[in-house]
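Here is a short briefing on one protein model. Look over the sequence and the structure first, then read the points below.

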Amino acid sequence: MEKVLALILGGGRGTRLYPLTKVRSKPAVPVAGKYRLIDIPLSNCINSNILKVYVLTQFNSMSLHRHIRSAYMFDIYRRGFIEILAAEQTIDNPNWYQGTADAVKKSMRYIESNNVDYVIILSGDQLYRMDFREMLKVHIENHADATIASIPVLPREASGLGIMKVDDHGQVTGFLEKPKTEKELEGFETTQEWIASRGVDPRGRSCLASMGIYIFNKKLLVDVLSRTEYKDFGKEVFPAIIEREKVHTYVFDGYWEDIGTIRSFFDANLSLAKPNPPFEMFKPESPIYTNARFLPSTQVSGATISDSLVADGCIIGKGAVIENSVIGVRCKIGENVTIRNSIIMGSDFYEYEAESSTDCDIPLGIGQGSYIENAIIDKNCRIGNSVRIMNAPHLESQAENDFCQIVDGIVVVQKANVIPDGWVM
């Protein structure tokens, strides 16, 4: 694994996750109460003993820089690094990243300067657990030039994914990006027997979808990107190289969720709070790492909490009711507050730790008697007493106002917002 270099793509502007990406990049978005999205691929790398990692970012990367700097430091006895490569203008490349392949191409000097044989390319906004050593083993055993991680999906789920056609040996012979019609899918469906031969229960799933996880032989990656103007792996690189290079697939059958929209982010988080969640956070052999905050235990005073995740350092008042929700770090919840089907991201600091003074008379957290349902409350918000936040009119979307925005039917209160006493959504 010392011969493997990982590149984690931070994504573009993150418009589909707006307003959570208004002041931060996609990989820096908080998830599961105490983590950030970037912790998922970084933890998978560390657990797979891949210790040479670059994170490629372009927009709003300050909080991501701060998180990685404080959370991921190897000791002097480990020969590894996790470093940010922010998009930069140079004499040779005056433009920002134009796509996934273009981002890697603009980082080529860092790739070439590392003594590695393989480059693994990952996304920064997915929720999954994978041992990349198993994928690399398949790559090497098949003498592949490139390997694409795939997951079986139903034909009706194929329209938003890259779909592969494979031969009996698992070599990719066709690549179709986001097919929109059944006619386009003709010839791209895989037999149930072949999927089962990979140790995977097909369950009617006949399409192999790309997970956006790739292993390249370094030599091929450098060669392809140096002599072409390709901007995207799915749309350009793989459709071009499968005819002349040996591209294989590695079939994965664990939990995998692409956190690309507010709805997918909301559903994935709340699923973690349910009994027997589809993605298990508690695995001692492959933990999810994050910043060690050294916070006190959460204090609960006569509250009722069910099917929820509650992170460290919270104070939950008497009579509070929390159902099917995720409560983030340092969250202060007043007496008789009701929170249902919601994500409360918490705070970056306690009130007395505020870096600057404020004239606001509403403290950090959620005031007493407030009611929150089907909502995302971003970090450092101040919500007054007897506030009601819920999408009562059942709107799918609503333009941003002074307090919140409705996206995919979910009320999103933006970071550091202040909502006065008695306000009703």
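The salt-bridge count comes to 14, each one a side-chain nitrogen of Lys or Arg within 4 Å of a carboxyl oxygen of Asp or Glu. This is a predicted model: local features need pLDDT of at least 70, side-chain atom pairs count only at pLDDT 80 or more, and totals for chains, interfaces and linings use all residues. Residues are numbered from 1 along each chain as its sequence is written, and side-chain values use heavy atoms, with hydrogens and water left out.

**Salt bridge**
- D378 forms a salt bridge with R24, with the closest N and O atoms 3.0 Å apart.
- The pair links distant parts of the chain, 354 residues apart: D378 is in the loop between β25 and β26 (382-383), R24 in the loop between β1 and β2.

**Aromatic pairs**
- The structure holds 11 aromatic pairs (Phe, Tyr or Trp rings, the six-membered one for Trp, with centres within 6.5 Å; planes under 30 degrees apart are stacked, over 60 edge-to-face, the rest tilted).
- F175 and F238 have ring centres 5.9 Å apart and planes at 25°, so they are stacked.
- F175 lies in strand β10 (residues 172-177) and F238 in helix α9 (residues 233-241), so the pair ties together parts 63 residues apart in sequence.

**Sheet**
- Helices (H or I, at least four residues) and strands (E, at least two) are DSSP runs, numbered from the N terminus.
- Seven strands form an open, mixed sheet in the order β16-β19-β22-β25-β30-β29-β28; strands pair if DSSP finds at least two bridges between them.
- β16 (309-310) and β28 (397-398) are the edges, each with a single partner strand, so one side of each lacks a neighbour in the sheet.
- β22 (residues 343-344) and β25 (residues 375-377) pair in the parallel sense over two bridges.
- I343 stands opposite I376 in β25.
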